[in-house]
Amino acid sequence: MTGICAGRVAVVTGAGRGLGRAHALALAAEGAHVVVNDLGVAADGAGTSAGPAQRVADEIRAQGGRAVAHSGDITTTDGAASLVATALDTFGRLDTLVNNAGFLRDRMLVNLGEDDWDAVIRVHLKGHFLPLRHAAAHWRAEAKSGRTPAARVVNTASGAGLLGSVGQGNYSAAKAGILGLTLVAAAEMARYGVQINAIAPAARTRMTERTFAATMAAPADGEFDTMAPENVSPLVVWLSSADSAGVTGRVFEAEGGRITVMAGWRPGPTEDAGSRWTPAGAGEAARRLLATAEKPGPVYGAR
């Protein structure tokens with residue numbers, strides 16, 4: 001280990017299992033002090049338990065690291081505020097926020113209930129916004145006091161937010177919203193020493209091992225486990241460190257040993273009539289443009 005996060009304080013939400021747990025352990029292994037947040041809910045968001053967060057914090061301490069568990073609900077103002085306060089009260093500072101918490105309630109659109117829509121939007125999108133808002137307020141105050149931080153935020157998007165995913169309208173919408181939030185926050189917070197990026201990971205977790213069972217299956221003994229969540233964490237650790245200086249407002253796909261910088265929406269073919277189109281003329285122009293445009297990627301679940 002290189003210790004690239006030595007002395008830094010990192011908060012990881014949804015860190016009781018899966019990707020969050022892998023990130024928390026990897027950050028601690030590189031010298032970070034970690035606030036391990038997890039509400040301890042089931043895969044669909046039901047119930048709560050302080051156990052998952054506490055077990056990961058205990059695991060970090062057993063390996064010689066420093067960690068504290070936080071089981072507050074980060075989709076509430078009080079929970080998000082207490083998350084930031086826990087880092088400051090326990091370790092005296094906050095350097096990195098890794099937003100990772102989430103769950104699934106998959107339904108085809110015509111069967112998707114309003115409660116299932118609201119719950120998934122809340123945990124993913126609001127669960128990113130509120131911790132980010134409270135951490136950003138702290139860092140802005142630090143910068144205005146002459147203590148400009150080298151702060152980092154890593155948000156968790158998804159291929160579903162980039163390309164869409166059949167049966168996951170609520171999840172895809174939330175993850176796409178996280179991408180938009182990342183771009184705006186990166187632009188707003190740059191002046192205060194805060195860098196904000198997003199990852200779109202592919203890994204075996206409670207959320208994916210049933211939805212994409214064939215893709216997420218464990219390999220044969222001795223083969224590289226492409227879908228192990230630990231494969232994603234090195235990029236998260238680097239983005240969380242001071243070594244990532246100058247990198248902000250970017251989206252990375254991470255899967256197995258592959259890292260991809262995502263280009264996002266870019267202008268493609270265009271045609272200007274110089275005056276208002278008729279509906280028929282607009283349609284003809286659209287078809288001409290589509291004929292030369294890059295084809296969209298596959299929709300998740302439809303490949």
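Glu271 and Arg288 form a salt bridge, and their closest N and O atoms are 2.5 Å apart. Glu271 sits in the loop between β8 (258–261) and α9 (279–292), while Arg288 is in helix α9, so the pair ties together parts that are 17 residues apart in sequence. This is a predicted model, so these positions come from a prediction.

How covered are the two partners? Glu271 has a relative accessible area of 31% and is partly exposed. Arg288 is also partly exposed, with a value of 42%. Buried would need under 20%, and exposed would need over 50%.

How many salt bridges does a search of the whole structure find? The search finds nine. One of them joins Arg21 to Glu59, with the closest N and O atoms 2.9 Å apart. This pair links distant parts of the chain. Arg21 belongs to helix α1 (residues 18–29) and Glu59 to helix α2 (residues 51–62), and the two are 38 residues apart. Arg21 is partly exposed, with a relative accessible area of 26%. Glu59 counts as partly exposed too, at 25% relative accessibility.

Another pair is Glu255 and Arg258. The closest N and O atoms in this salt bridge are 2.9 Å apart. Glu255 has a relative accessible area of 25%, so it is partly exposed. Arg258 reaches 36% and counts as partly exposed as well. Salt bridges can also join up: Arg105, Arg107 and Asp116 are linked in a network of them.

## How helix α4 packs

Helix α4 covers residues 114–144. One of its packing partners is α6. What is the angle between α4 and α6? The two helices pack at about 15°, with their axes 8 Å apart. Angles under 35 degrees count as roughly parallel. α4 and α6 are therefore roughly parallel to each other. Their crossing is right-handed.

Helix α3 (residues 77–91) packs against α4 as well. Here the angle is about 45°, and the axes are 8 Å apart. Is this pair roughly parallel or oblique? α3 and α4 are oblique to each other. The way α3 passes α4 is a right-handed crossing.

Which residues make the nonpolar surface patch? Met108, Val110, Val166 and Val299 make it, and the patch has an area of about 380 Å².

Take Val166 as an example. Val166 lies in the loop between α5 (159–163) and α6 (169–189). With 44% relative accessibility, Val166 counts as partly exposed.

## A buried leucine

Now for a residue under cover. Leu239 is part of helix α8 (residues 233–240). Is Leu239 buried or exposed? Leu239 counts as buried, because its relative accessibility is 1%. The limit for buried is under 20%.

How far is Leu239 from Asp115? In sequence, Leu239 and Asp115 are 124 residues apart. In space, the gap is 34 Å, taken from C-alpha to C-alpha.

Methods:
Residues numbered from 1 in each chain as written. Predicted model: local features only at pLDDT ≥ 70, side-chain atom pairs only at ≥ 80, totals over all residues. Heavy atoms only, no water. Patch = residues over 30% accessible without salt bridge, like charges linked within 9 Å, V, L, I, M, F, W, Y side chains within 5 Å. Areas by Shrake-Rupley, 256 points an atom, 1.4 Å probe, with all protein chains shown as cover. Salt bridge = Lys/Arg side-chain N within 4 Å of Asp/Glu carboxyl O. Helix = DSSP H or I, 4+ residues; strand = E, 2+ residues; numbered from the N terminus. Buried < 20%, exposed > 50% of the residue type's maximum accessible area, 1.4 Å probe, protein only. Axes fitted to C-alpha atoms, helices over the stretch in contact; angles between N-to-C directions. Parallel < 35°, antiparallel > 145°, perpendicular 65-115°, else oblique. Left-handed = near helix turned anticlockwise from the far one by under 90°.
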